[in-house]
Amino acid sequence: MDYKFLFESMLTHLKQGILVVDTNANVIFYNEPVTHMAGIDAEDAVGKNILDIFPGLTPDTSTFYYVLRTGKPLIDYVQTYFNFRGEQVTTLTSTMPLIKNGKIIGAFELYRDLTTVGELSEKIVSLQKELYKKASSQKVYSENQALYTFNDIIGKSAVIKELKDKAKKIAESSSPVLVYGETGTGKELLVQAIHNASFTRKNKPFIAQNCAALPKTLLEGILFGTTAGSFTGAKDRPGLFELADRGTLFLDEINSMDIELQAKLLRVLQDGAIRRVGGVKTIVVDVRVIASTNEHPLKAVEKKLLREDLYYRLNVISLEIPPLRERKEDIPVLTEHFIKLYNRQLCKNVRGISQEVMDMFMNYSWPGNVRELKSTIESIMNFIEGDIITVKEVTMKNCFVASKEIEFQHPNKNSYVPPLEEAIDNFEKNLIQKAISKANGNYAEAARLLKIPRQTLHNKIKKHGITKKFITE
């Protein structure tokens, strides 16, 4: 029998695509199934890099790059991306390394169309989110509870784009992560997105625990588990570390954890092993720990709220979420997003907000950050009767507009009032110059004084044309 003819005939009618790449992820063999999912002909595909064929993918999100980098296969992995023609497709892929004489010489992938299944999955996830809200009091730790991805992090500002890029790069790592952000900035949303972006952990447990919600004695048993007889009423129960094995454990407000308990946590991070309360058996776990604080970690260390050695162990990867007042260009897109969200949930048909309300939003400092903006939109839309949010709806709700921060909008008529944008720019420029002067020209120290990322400071220095010359004047 002519096996070459047989093989070619099988490929002609196969509904699975086959891609083979070399060690540089350049295509060396390509068979497009009858469904034409990739959107490119075989003669055009061979010789191209896989990222050129699928421009929506990156080295961090490509299954080929992952397999070539790790040597580990990925079986039945669901991917949604844009093909060569710019069409969104969902595929079920199995990607395996090609190993010869102990060396990786390439990789091959089998994939089939799951676009309709992907659309159905999105609807199921949407329903799961609603059910999760209604049953939030029921903690079922046996399943992956991470609902959010990087697509749920809304914002067009440079700092948010940079944060998302940085978080995507470390998603596959097992190193500890320390996330810093004020209350309401979306720390858990970011952590869930990191978990869901990991090839190896996304289908494993994601467990979150607020360290401020429980006293030390109770929290220790919840984290590490208990042994029968260790105290009155104690039973053999696994702790969150055991339940999160091969997944992610998110410890929110780590600076609220008892100092002695922090020492035990440090040992787990160093050894990868835990011991239940009252037990003698050592249990090895594979858990990625991501912790967060709502105040600057170094301040928490100074106040003795966070052990210095634990800080250095957790701070292997540091991510800072800027407050909303430092990325006000995100307010319009967030507002639009929340209006669409509550239009669906509350069966409304609000088209947007008036320019006066947008000016209020842009001038307000949002101490509650994104959470406050979301709550404000939700509250207004529960009562609104028209299709545009106006000042009337905002003031009727007694929202932030009653704050003293807005009083500057009603100055004495005899006083000169500069244009708002000019006044804010001048204030910001003077404050930055003062900080740089106090830091003796050290930009890194000035950024710390202003409590903003160093890159944000550099952007603002460039914006205002600030030089170090003024320091000596």
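**Figure 1. Ala25 is a buried residue, with a relative accessible area of 0%.** Buried denotes under 20% relative accessible area, exposed over 50% and partly exposed in between, computed with a 1.4 Å probe on protein chains only. Ala25 belongs to the loop between strand S1 (17–21) and strand S2 (27–31); helices (H or I, at least four residues) and strands (E, at least two) are DSSP runs numbered from the N terminus. The phi of Ala25 is near 65°, a positive value in a residue other than glycine. Most residues other than glycine have a negative phi. The model is predicted, and local features need pLDDT of at least 70, side-chain atom pairs count only at pLDDT 80 or more, and totals for chains, interfaces and linings use all residues. Residues are numbered from 1 along each chain as its sequence is written, and side-chain values use heavy atoms, with hydrogens and water left out.

**Figure 2. Cys347 has a positive phi, near 55°, in a residue other than glycine.** Cys347 is placed in the loop between helix H13 (331–346) and strand S15 (352–353). Its relative accessibility of 70% means that Cys347 counts as exposed.

**Figure 3. Thr63 of helix H4 (residues 63–70) makes a side-chain polar contact with Thr95.** The two side chains are joined at 3.4 Å. A polar contact is a pair of N or O atoms within 3.5 Å; within protein, one must be able to donate a hydrogen and the other to accept it, and residues adjacent in sequence count only if both atoms are side-chain atoms. Thr63 counts as buried, at 2% relative accessibility.

**Figure 4. Glu295 lies in the loop between S13 and helix H11 (297–302).** Glu295 is buried, with a relative accessible area of 17%. Its side chain forms a polar contact of 3.1 Å with the side chain of Lys303. Leaving aside residues up to four places away in sequence, Glu295 touches Tyr180, Asn255, Ala300, Lys303 and Leu305, where contact means heavy atoms within 4.5 Å.

**Figure 5. The second largest cavity holds about 30 Å³ of space.** The count of cavities of 30 Å³ or more comes to 2. A cavity is a set of points, on a 1 Å grid over the protein atoms alone, where a 1.4 Å probe fits but cannot get out; lining residues have an atom within 4 Å of a point. Grid points are joined across faces, edges and corners, and the volume is the space filled by probe spheres set on the points. Ala171, Ile194, His195, Ser198, Arg201, Thr248, Arg288 and Ile290 line the second largest cavity. Helix H7 (187–196) and strand S13 (288–293) are the elements that give two or more residues to this lining. By class, the lining has 3 nonpolar, 3 polar and 2 charged residues, with Ala, Val, Leu, Ile, Met, Phe, Trp, Tyr, Cys and Pro taken as nonpolar, Asp, Glu, Lys and Arg as charged, and the others, Gly among them, as polar.

**Figure 6. Confidence in the protein is highest in S13, at 96, and lowest in helix H20 (residues 469–472), at a mean of 43.** Here pLDDT is the predictor's confidence in each residue, from 0 to 100. Over residues 132–144 the pLDDT is below 50, and this stretch has 18 contacts in the model beyond near neighbours in sequence. Residues 401–416 also have a pLDDT below 50, with 12 contacts beyond near neighbours in sequence. The protein averages a pLDDT of 81, and 81% of the residues score at least 70.

Terms used:
On a 1 Å grid over the protein atoms alone, a cavity is a set of points where a 1.4 Å probe fits but cannot get out, and a pocket is an open set with protein on both sides within 12 Å along at least five of seven lines; lining residues have an atom within 4 Å of a point.
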